[in-house]
Amino acid sequence: MQIVNRAVLGAGLIFWSVGSWAAPPPQAASCAACHGAEGQGLPAANYPRLAGLPAAYLAEQLQHFADGTRQNAIMAGMAKPLSAADIHAVAEYYAGLPVPSAAVAAAPDAALRQRGEWLAQYGDMAAGVPACFRCHAADGVGVAPVFPPLTGQSAKYLADQIAAWKQGTRKGDPNDLMHTVALRMTEADTQAVAAYLASLTPKAAVVTAVGAEMHSTGGAK
Ligand code: HEC
Ligand code: HEC
């Protein structure tokens with residue numbers, strides 16, 4: 001199917017993209033209102049991008065919304081009616097959509113960008129914060145199936161997730177990896193790294209078989 005679509009991004013940026021992919025499954029009909037016709041998300045409203053995220057990650061998050069492991073009122077209502085087969089269908093669909101080709105935000109001011117880039121690349125040894133790119137791959141493109149991309153998401157969405165892990169409203173991350181990272185991050189560092197990551201251009205995730213078993217052992221906590 002040939003689709004020509006106009007997507008409206010973050011700061012009023014508009015781009016045209018031409019793609020060729022499978023028709024959305026009926027279960028995805030209600031998702032587009034928030035996550036966009038191409039799964040590109042709506043950064044201005046902090047609705048995350050789903051296009052090109054690992055299918056196993058997407059499916060697991062939908063289960064977590066449904067069972068309360070990840071607490072969000074909107075997504076609980078969306079995920080609860082979905083059967084296991086529905087979850088599989090929408091996860092595969094969004095994972096197969098093209099990765100958005102533009103960053104959702106402009107680079108933040110120099111001081112914020114410098115700190116954010118440092119944290120992403122090297123972490124903060126004294127604070128015990130590991131480099132984000134160690135797990136999420138260079139430039140935060142993500143490593144399927146376990147580590148989602150950090151690009152193509154709004155700074156506020158990213159910062160909200162760090163806050164949710166700190167508050168315990170988002171759980172189920174394999175081996176508590178993100179809970180541990182989040183607890184060590186200051187509010188200022190969270191804002192800096194989120195602003196930096198939002199300014200990076202999304203690219204296709206790295207794919208590896210290593211770590212796939214984490215999904216089955218991570219579970220709800
Ligand atoms: C009314 C708006 C709305 C609708 C409709 C909606 N979502 Fe969401 N979705 C959200 C918001 C807001 C979040 C972020 C929740 C959070 O911060 O934890 C989210 C998060 C997600 C995530 C987590 C993404 C990530 O990177 O971890 C997945 C997966 C998801 N939605 C899938 C779906 C699917 C599939 C549908 C349709 C069945 C759907 N959503 C419908 C608003 C919506
Ligand atoms: C030790 C590995 C590891 C490191 C280092 C790491 N992460 Fe993560 N991160 C993960 C895993 C695993 C997930 C998926 C969690 C899940 O499945 O619930 C994740 C998910 C996330 C998400 C949620 C994305 C989404 O779509 O909802 C954000 C935001 C995030 N990480 C930010 C960061 C930042 C910022 C850093 C650096 C300060 C970082 N991570 C470092 C392992 C890591």
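Why does Gln191 count as buried? Gln191 has 20 C-beta neighbours inside 10 Å, so Gln191 counts as buried. The cut-off is 20 or more other C-beta atoms within 10 Å for buried, 12 or fewer for exposed, and partly exposed in between, with C-beta atoms placed from the backbone.

Some ground rules. This is a predicted model, where local features need pLDDT of at least 70, side-chain atom pairs count only at pLDDT 80 or more, and totals for chains, interfaces and linings use all residues. Residues are numbered from 1 along each chain as its sequence is written, while chains are lettered from A and ligands numbered from 1 in the order in which they are written.

Back to Gln191. Gln191 sits in helix H9, residues 187–198. Leu158 is 33 residues away along the chain, and its C-alpha atom is 8.9 Å from that of Gln191.

Now the fold. The protein chain has 10 helices and 4 strands. Helices (H or I, at least four residues) and strands (E, at least two) are DSSP runs, numbered from the N terminus. The order from the N terminus is β-β-α-α-α-α-α-α-β-α-α-α-β-α. Of the 221 residues, 37% count as buried. Take contacts between residues at least 6 apart in sequence: 70% of them join residues at least 24 apart. Contact means C-beta atoms, placed from the backbone, within 7 Å.

Next, the cores. A nonpolar core is a set of buried Ala, Val, Leu, Ile, Met, Phe, Trp, Tyr and Cys residues joined through C-beta atoms within 7 Å. The largest has 23 residues, and Leu53, Leu58, Leu62, Ala91 and Tyr94 touch the most other members. H2 and helix H4 (84–95) each supply at least two residues of this core. H4 gives the most, with 6 residues. Where does this core lie? Domain 1 (2–95) and domain 2 (110–218) both give residues to this core, so it lies between them. Those bounds come from an automatic or database domain assignment.

Apart from this core lies another, of 22 residues, including Val129, Cys132, Ile162 and Met185.

Last, the ligand. Which residues come nearest to ligand 1? Of the 20 residues around ligand 1, they are Cys31, Cys34, Asn72, Met78 and Val90. Near means a C-beta atom, placed from the backbone, within 6 Å. Helix H1 (32–35), helix H2 (55–67) and helix H3 (73–79) are the elements giving two or more residues to this shell. By class, the shell has 14 nonpolar, 4 polar and 2 charged residues. Ala, Val, Leu, Ile, Met, Phe, Trp, Tyr, Cys and Pro count as nonpolar, Asp, Glu, Lys and Arg as charged, and the others, Gly among them, as polar.

Note on methods:
Two residues are in contact if their C-beta atoms, placed from the backbone, lie within 7 Å.
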